[in-house]
Amino acid sequence: SKMDNTVLLNSSQTNPIKLSKAYKNWAKQAKDRALLLQKHLIEWFEDEQSGMQTAIQQSIYGTNFTSADIHFQLSSIKCRLEAGDLVRWVEQCDGEEDQQLGQTEQNEQEDYEVDSQPYEQTHVLCIHAGNLPLVGLQDALAVLLAGHYYTGKISRKDPYLLVSILKWLVQRGWEAQIQDWTIETTDIPATNYQKVLFSGSESSLTTLKNILVKAEIIESQTTWLNRTASFSMAYCPNKEMVKKHASQLIEAVVRHGGKGCRSVGVVVCPVGLNELQNPLEEALKSTLVVAEIEANPDSKILKQEAKQNKLTSVAYKKAYSLAIDRTFLCVGDWLIEEHSVEQVPEPRSNRVVYWVKADVEVLGSLVERFGLALQSIYYLGADNSSLEGLLNDFTNIESIDYAQRPPLYWKPDGVDILRYLCPFII
């Protein structure tokens, strides 16, 4: 049976009680969609005819992702679906709205009918990043949950997995909302897009915008939501915490080759690298050994050559650090360098991580300096009280345990994408 995807009128002139009822209506429908979407996505994982296995094989041979990273990402997503993340996501929107709308309802009688005039569902164009396997899934899910129409520009770097999911959902009855997807920018159909969701690098943003406007695929005044964060920071309060959580810290650094915006690129710790050489080197070695064993053994010759080039560039970086007397540690082609707060550069996802020997107070100035490039700040262990009150406006403070396995409703660049798309968030 087709879902009723009517999303109701959102206008500032609407009576707050009508709005409240309309919102409740949206929330109920969104919850139904969430239950169905969860079910269909879990079937994609479990049904042998879903096309998932083919997409995995294509990704192993046809992308830069390792087999280990692909399987890691898939198992994380499946766990989160089974934990009910999509329903919880809708409920989180709902919970916050109830508080705002509660007042009005108590003060007035509820004899208004909800406007039966549905408002047109919005056409949303998603321009997906491709730095990690299935990194574009969240935007697609948010558009479907919100009840809008989805068109996707799929990344060349990750062209198989999301397409496999979209095809499966279309087969399962989502074809009214899933309008189209394409890998070629110029093949994006010119529809009246009300919103563009962009994820990716700052550098590709302007070029892409110009191409789309010039090709008359979108209008120059269309609203864009741009998420361009490129790395995260971790705060380690003392030596004991680093020792105890070294493997989680290193996992957050090296998973996906450090290429995600949730990957740790800067570590702030009052203790210098020279005092933590052993636990960090051990954790790096054991994490990388596992990664080497799991990495695809195919096209070995090519890999050897690439590896040689990487190690050559690492040799140069090491020589430079030695020459300027900088503390560093190196395992394989990964380097952790110690920098002062003043001199620490912005990480470049090139397997070099910056260790800043400083107290917790410097986090504020680093948040300011890194600005939109910074995604999250992680704390080790269960206690984040040392960060409370220090970072007033910075909301993405999370446990390091979720660095690479976030809930499906995590907030890229601090934005809850479902809230952003909901027609009724006041």
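Analyst: Happy to! Let's start with burial: a residue counts as buried when its relative accessible area is under 20%. Keep in mind that this is a predicted model. Of the 426 residues of the protein chain, 51% count as buried.

User: Where do buried nonpolar residues gather?

Analyst: In soluble globular proteins, nonpolar side chains tend to be buried together. Here the largest nonpolar core has 54 residues, and Leu37, Leu86 and Tyr150 touch the most other members. Helix H1 (16-46) is one of the elements that give two or more residues to this core, and H1 gives the most, with ten. Apart from this core lies another of 29 residues, including Cys269 and Ile336.

User: And how do I read an aromatic pair? What is the geometry of Phe231 and Phe370?

Analyst: Look at the distance between ring centres and the angle between planes; planes over 60 degrees apart count as edge-to-face. Phe231 and Phe370 are an edge-to-face pair, with 5.0 Å centre to centre and 90 degrees between the planes.

User: Is Phe231 buried or exposed?

Analyst: Phe231 has 2% relative accessibility, so it counts as buried. Phe370, at 5%, counts as buried too.

User: Which parts of the chain does this pair tie together?

Analyst: Phe231 lies in strand S8 (residues 231-235) and Phe370 in helix H12 (residues 363-370), so their pairing links parts that are 139 residues apart in sequence.

User: What sits over the ring of Trp410?

Analyst: That is the charged end of Arg262, 4.9 Å from the ring centre.

Definitions and conventions:
Residues numbered from 1 in each chain as written. Predicted model: local features only at pLDDT ≥ 70, side-chain atom pairs only at ≥ 80, totals over all residues. Heavy atoms only, no water. Buried < 20%, exposed > 50% of the residue type's maximum accessible area, 1.4 Å probe, protein only. Core = buried A, V, L, I, M, F, W, Y, C linked by side-chain atoms within 4.5 Å. Helix = DSSP H or I, 4+ residues; strand = E, 2+ residues; numbered from the N terminus. Phe/Tyr/Trp six-rings, centres within 6.5 Å; stacked < 30°, edge-to-face > 60°. Lys NZ or Arg CZ within 6 Å of the ring centre and 35° of its normal.
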